Amino acid sequence: MRRFRQADWDEPLIFELSRPGRVGFTPPKAEPEVCDAAGDIEELVPQNMLRREPPHLPEVSEVMVVRHYIHLSQMNYGVNSGAFYPLGSCTMKYNPIINEVLASNPGLTELHPEQDESTIQGVLEMMYQLKSWLLEITGMDDGTLQPAAGAHGEFLGCLLIRAYHEDRGEIDVRREIIVPDSAHGTNPASAMMAGFKVVEIPSREDGCVDLEALRSVVGEQTAGMMLTNPNTLGIFESDIVEIARIIHEAGGLMYYDGANLNAILGRCRPGDMGFDIVHLNLHKTFSTPHGGGGPGSGPILVKEFLSDFLPVPTVERGEEGYYLSYDRPKTIGRIHGYYGNVNPMLKAYAYILSMGPEGLKEAAEISVLNANYIARKLMKVRGITLPRAPERPRKHEAVLSASEMERETGVRTLNIAKALLDRGLHAPTVYFPLIVPEALMIEPTETEPLEALDAFIEAIEEISEIAYSKPEEVLSAPRNTAVGRLDEAKAAHPKTLCLSWRMYRERFGGD
Amino acid sequence: MPHPYIPNSVSEIKEKMMEEMGIKSIEDLYADIPTEVRFEGKLRIPGPYTEQEVRRRVETLLGRNRRFRCPPFLGGGVWPHYVPAVVDEIVSRAEFLTSYTPYQPEITQGMLQTLFEYQSLICELTGMEVANSSMYDWATALGEAARMAGRLTRRSTILVPYLMSPNRLAVLRAYTEPVDMKVVQVDYDEVTGLIDLEDLKEKLSDDTAAVYVENPSYLGFVEEGVDAIAEAAHDIGALFIVGVDPISLGLLRPPGDYGADIVIGEGQPLGNHINFGGPLLGIFACRGEPRMIRQMPGRIIGMTTTLDGSERGFVMTLQTREQHIRRERATSNICTNQALCAVAAAVYLSLLGPNGLRELAELITSRAHYAMRRIGELTGVRAPLFSSYHFKEFTVSFEGKSVEEVHRGLLERGIHGGKSLIEEFPEIGETALYCVTELHTKEDIDLLVSALEEVLG
């Protein structure tokens, strides 16, 4: 097993590095004529609007800022800098360097969104083509790249469902969105954001939709259903055609949560399964980096009959080139100040070019091969099981359980996660989906070599052995990370809550 | 051929893995997909191309975007600003760039501490006590702020200025309509552009959840009446929401000083490239009362200690507000946000410090005033249209020529002028919104002025 020690710089807050008078960056000086024209700034600004006291920002020299944030970066873990990042449902595939190089081109980074169309033909073409490729990949007819993240796309998708029923005069009746109990938490939250009531239905043993339960809740009040396929257990909903039929017959729409698309690229398409609305996560399936929590990009793709409701503007192609079209009389309006997260779009564009149709299909297949390889090896590890239809193949991810280990040794999934960190491996998604106790949701992706899969399996085997012999060693993990286990209760407790340096100063004094 | 991004695409490796798993073919793993939904064809997308080919294609494509001698004189919600080299260096670090949301805090202290610092810096800048770790952009931050005000007051009307950004107004409507909130616009004073206080008072009611102002306003002038607006809003039990350009706060009074309950804004100027309007950085801060904090949307990072109390550390906190725990009862559905843009903002504000930010804001406002004076001196031009103090954006009205004619004339001369307001606010005539920042030198402004002079003939 590889040794691992994360950097631990005991790094102060940037505020604690401050000394009066230091500067990290100097803006240019105004030219004399400019100064003359403006006169005394303090006279220029209305007296009641002038800032009398400068903000308490830190005063730090450039070198100190650089070291501070490089130290902090060294106390972080990325898919390109780490060794394995099997975070289930997050599709942490390698983020290709070339895409970063291309996306830092000033021909993109310095473009203003209100520029004359004749001066932005390159970026419009990129957006137009990217959308058309995503339509082909998903089997849909039209769409928008405006949503800035997957959940943002879900919100838009639910607004489209709303607009559709409103247009048909049925919105007062169609108030309910159906989601399975295994759904991502964003699904019910997005439906709520769009003003719907959420109806949760229980899953079958294999995590798939229970058709009887579904039939029992659909009706004239059904606005739609949100579903991910493969589901959050990594299992393909084989009844998908029947599910779509039930929803459509009830007058509802089918929404595809694209978080799990990686498994089926080039092998099947949501549009062919009966979905009416699809969101994708470019920061998952299409390799754009997640930036420690964003920016992502969550395009929404729809069937033709929903095209009129899409947000404006959309990029269209005319005789004189590409242009931004506002011509959608039934549009829901806008959900972003401009056109969405264009920079990640370019990275996804470059990624698709690098992969081509064969490459995307191969990515899907190897992601599935890798996930099943890990699942089959791990289900043999003492204390670990593969609950819910172990005989069925998984797709891009598998959800294992450590409840046996917990019962027998007291070592829980949480402890396994922390013990993995000690070995330089990121933990899987834990305690999700909620329908699996002590869940370990593992998604290796196709970009991991066999060696990394084996190292992960070996690490779990080792942790299991220690759990059954010296459990306290696992329970005290992690030790090799920048800090040990953190007190989350203290962080959230009203008496100790501290959300800013200002709150800290007010609470603990000092400057 | 094995693909460089797929290590196990080597056939011997695949076979070895399948053999160990006891399967014969990848098809076995897809056997449960019904035939009727299988895609048997080949996707009609280009590629695969090698890195060298991809680079050529993409660079050629981006070459079709035109660049100018100086940055466009465009603002309106995102603005051209200088991004210090240090910022780009830090946000390119693979440890930050390629990490996911910090779900495992012990191994992601770097991102967590940086986001805590970002929240803290935003609080100092805006004069608020709490900030979240980002929203998608200013417009969506506004949508979320309005909904938060609705939850807090159990009222359903939001009063907004007539002269606000139409894009942000559209997003506000999309966010508030599903929960039956109404957006009502308040008139402006035709001389100053400022909010008409009398009209505001008339429209305030016991259904007003919040009053929203933008400062500086969409058309660049500073809303001076904020104290009276805040008082009027609070008197009737409504919240006061203020949207800001954070750069202006080097010079202008922070909203926390004049009674803001929620401060939102666009953090793009803080070290983020314009990128054709995204990624952006939605600022979201509020007062520190527990009832407000509980209703905040988005990720919030908190300071804590290790379980043994020996060391300081940072975690995502108050997660019971969030979708993965509260599901349909969450305050918002947001999870992925704009964290890396917040990192950029933290680095940027740390570099500039209080003095750098003040100098920058002064430089910008000096240059803008120089530009306003020079442009205003031209025949057939009025700049600005309103008499109030302007920060970095200002209206330019033309007589005799249309905005479109002027725009074309400038383009021919290699300059991108301001944004036409003809469609957004036809009542103010042939008017464009110009923006001047530290990137526009005196020489650039002079160039613009002489080009305008030529175009106007």
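Predicted model: local features only at pLDDT ≥ 70, side-chain atom pairs only at ≥ 80, totals over all residues.
Author: A nonpolar core is a set of buried Ala, Val, Leu, Ile, Met, Phe, Trp, Tyr and Cys residues joined through C-beta atoms within 7 Å. Residues are numbered from 1 along each chain as its sequence is written, with chains lettered from A and ligands numbered from 1 in the order written.

Reader: Which residues have the most contacts inside the largest nonpolar core?

Author: Leu160(A), Ala210(B), Val343(B) and Val347(B), in a core of 321 residues. Helix H12(B) gives the most to this core, 23 residues. Helices here are DSSP runs of H or I, at least four residues, and strands are E runs of at least two, numbered from the N terminus.

Reader: What does Leu160(A) touch?

Author: Leaving out residues up to four places away in sequence, Leu160(A) touches Ile277(A), Val302(A), Leu306(A), Phe309(A) and Ile332(A). Contact means C-beta atoms, placed from the backbone, within 7 Å.

Reader: Why do the buried residues of H9(B) line one face?

Author: Val226(B), Ile229(B), Ala230(B) and Ala233(B) are buried in H9(B), residues 226-235. Down the helix axis they fall within an arc of 100 degrees, so they line one face; the arc is that of the directions from the axis to the C-beta atoms. Their cover includes helix H8 (197-203), strand S4 (208-215) and strand S5 (239-244) of chain B. After H9(B) comes Gly237(B), with a positive phi near 85 degrees.

Reader: How many residues does each chain put into the contact?

Author: Chain B gives 169 and chain A gives 181. On chain B's side, the largest share is 24 residues from H12(B), residues 339-376. That side splits into 83 nonpolar, 48 polar and 38 charged residues. Here Ala, Val, Leu, Ile, Met, Phe, Trp, Tyr, Cys and Pro count as nonpolar, Asp, Glu, Lys and Arg as charged, and the others, Gly among them, as polar.

Reader: What makes the radius of gyration of chain A agree with a compact globule?

Author: For 511 residues the rule gives a value near 24 Å, and chain A has 26 Å, so the two agree. The radius is taken over C-alpha atoms, and the rule is 2.2 Å times the number of residues to the power 0.38. Chain A has 18 helices and 12 strands, and 60% of its residues are buried.

Methods: Buried ≥ 20, exposed ≤ 12 C-beta atoms within 10 Å, placed from the backbone. Contact = placed C-beta atoms within 7 Å.
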